[in-house]
Amino acid sequence: DLSGWYESACSYGDPFQSCGLLSQKQEVCRGKDRSWSFQGELGKLTKIPSNTSGAYSISFNDGRTSYEFYREEFDVMKPDSNYELWWVQRRQKVRTVRKKKSFLVIHPPCTFDTVGNQYLPFA
């Protein structure tokens with residue numbers, strides 16, 4: 001219950017009903033609460049609104065939970081590569097990744113669905 005402890009609740013939607021927004025006068029959280037932010041986290045777009053002023057849904061745990069943000073609250077980054085080739089040394093009890101090589105497919109030209117994180121079928 002945040003009643004009287006914080007100025008208002010966070011704007012991250014239903015999963016964060018227990019999140020309190022610090023006022024400008026408050027520098028630290030109260031009691032056993034701790035400060036937390038999505039800043040610097042890498043997420044995946046799970047829902048794009050039909051109008052540009054709506055909320056986008058972003059997941060930081062591979063789609064298990066999504067949080068709502070408005071377009072001015074996040075940056076979209078395009079990856080330098082879209083596949084990885086792994087060299088793995090396999091032994092009887094352990095497997096060791098020896099090297100990872102990232103690469104980008106440029107031909108044949110395909111359409112990549114960034115929301116579904118997959119390529120659309122080549123026609």
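Colleague: Which residues do ring pairs link into a cluster?

Modeller: Phe60, Tyr67 and Phe69. This is a predicted model, where local features need pLDDT of at least 70 and side-chain atom pairs count only at pLDDT 80 or more, while totals for chains, interfaces and linings use all residues. Residues are numbered from 1 along each chain as its sequence is written, and side-chain values use heavy atoms, without hydrogens and water.

Colleague: Why is the pair of phenylalanine 60 and phenylalanine 69 called edge-to-face?

Modeller: Rings of Phe, Tyr and Trp (its six-membered ring) pair if their centres lie within 6.5 Å; planes under 30 degrees apart are stacked, over 60 edge-to-face, the rest tilted. Here the centres are 6.2 Å apart and the planes stand at 85°, so the pair is edge-to-face.

Colleague: What makes phenylalanine 69 count as buried or exposed?

Modeller: Its relative accessibility is 5%, so phenylalanine 69 counts as buried. Buried means under 20% relative accessible area, exposed over 50%, partly exposed in between (1.4 Å probe, protein chains only). Phenylalanine 60, at 25%, is therefore partly exposed.

Colleague: What places the charged end of arginine 71 over a ring?

Modeller: The rule wants NZ of Lys or CZ of Arg within 6 Å of the ring centre and within 35 degrees of the ring normal. The charged end of arginine 71 sits over the ring of phenylalanine 74, 4.7 Å from its centre.

Colleague: How confident is the predictor, as mean pLDDT of the protein?

Modeller: The mean is 78, and 80% of residues reach 70 or more. The scale (pLDDT, the predictor's confidence in each residue) runs from 0 to 100.
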